[in-house]
Amino acid sequence: MARVTVESLRKEYDAGSVVAVDDLDLEIEDGEFVTVVGPSGCGKTTTLRMFSGLEQPTSGRIRIGDEDVTDVHAKDRDVAMVFQNYALYPHKTVFENMAFGLRMSTDLSESEREQRVVETAEMMDIEELLEDKPDELSGGQKQRVALGRAIVREPDLFLFDEPLSNLDAKLRTSMRAEIQRLQNELGITAVYVTHDQHEAMTMGDRIVILDGGKLQQQGKPTDVYENPVNEFVAGFVGSPSMNFLEVAVEPKGDRLRLTGPDGGFEFELSAAYVDSHEEGLQSSRYTLGVRPENVRIADRGAANSITATIDVVEPVGSDNFLHLDLSSEFIARVDSDVDLEPGDRVSLTFDESDVHLFDSETGRNVVSHERNAPPATT
Ligand code: ADP
Ligand code: MG
């Protein structure tokens, strides 16, 4: 069991022309389950490979527990990694696959090894498969074996690199729950990499978002969802994605008037709102962000509303997603009993407490929603 500390971790390839991981700082608590998420190529695998020792950092330090492992060889780190492609030895049985790592990484006797493998196989519900070879197993069974092989070593740190990507949706859901249960029971610190924001949000105690090798934000899933620090995070987390509208901002008495390019959009921010966010609102152009579930239907032409034509009505069970014909994609999540169809004109509104404003140049969110602000420390 261990806490993991990463300081200014950097990995360059091709003589510095590719910066895969750009000065990453991270602290992972003992026993914590952290998900790392970001688009393809953002540096997730490279980060994990540096944790495991398969890749040498260009600069920076990695500490696992009390030990600085930056220069420690992979086989001497107490780390187990589970991959998307299972990486089982095809000619070894399930038993041998699980026992092999133990032989390499511990000095247990043969009978102790056997006992550990059998116990772990029972815990993973794969004891019936111990004599099988990997090509006799289904995808789900292979992934259980890969997990079992990692667990049997009782590592300090679990690393998962998109381990469920090859499984179908239903199996993925049950394996997610199983991995969480196991990690919780065993109390082993875990770093779980995925490109799937839903997976990251639902599994992690804490979520770490990368883009272009750079840390964008880390925090509890709900905090990140409610207070994304920039437009990238706001758009990446949540499905369907947050809606974005380019707006101009001008003072109107003690209020602020936002005007948008489409549908004669006008939105007034109250004096109270302006007061609490005044410092941030210096420039004149912003991107307004509002989540689909915070948008609702208003009376035609009501104040603080946007009027547009419906392009598509997408039923998703209890709700419908209305896709609107605006210059950028805009989706409203409404009750499925609202009777609307493509071609209808509709006015939509939202509360100012659900409005995010992103600096058009830097993408920075200039609004921090008070209701979600962390409690003041005394
Ligand atoms: P992810 O797992 O998030 O998809 P990776 O960590 O695999 O991203 O890759 C991050 C970046 O580093 C990408 O631009 C990728 O092309 C580059 N990269 C990864 N490995 C190598 C390598 N061995 N040589 C050169 N570039 C690499
Ligand atoms: Mg990867």
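**Reading a domain interface**

Tutor: Happy to! Start with separation: the C-alpha centres of domain 1 and domain 2 lie 39 Å apart. Domain 1 covers 4-232 and domain 2 covers 237-359. Keep in mind that this is a predicted model.

Student: How many residues does the contact take from domain 1 and from domain 2?

Tutor: Domain 1 brings 9 residues to the contact, and domain 2 brings 10.

Student: What area is buried between domain 1 and domain 2?

Tutor: For this we look at the accessible area lost by both parts on being put together. Here that comes to about 840 Å², with 60% given by carbon and sulfur atoms. On the domain 1 side, Q197, Y225 and E231 lose the most area to domain 2, and together they account for 69% of what that side buries.

Student: Which helices supply at least two residues each to the side of domain 1 that touches domain 2?

Tutor: Those are α6 (197-203) and α7 (221-226). The largest share comes from α7, with 3 residues.

Student: What pLDDT does the protein average?

Tutor: The average is 90, and 94% of the residues score at least 70. Over residues 371-378, though, the pLDDT is below 50, and this stretch has 5 contacts in the model beyond near neighbours in sequence.

Note on methods: Residues numbered from 1 in each chain as written. Chains lettered and ligands numbered in written order. Predicted model: local features only at pLDDT ≥ 70, side-chain atom pairs only at ≥ 80, totals over all residues. Heavy atoms only, no water. pLDDT = per-residue confidence, 0-100. Contact = heavy atoms within 4.5 Å. Domains from an automatic or database assignment. Buried area = accessible area lost by both parts, 1.4 Å probe. Helix = DSSP H or I, 4+ residues; strand = E, 2+ residues; numbered from the N terminus.
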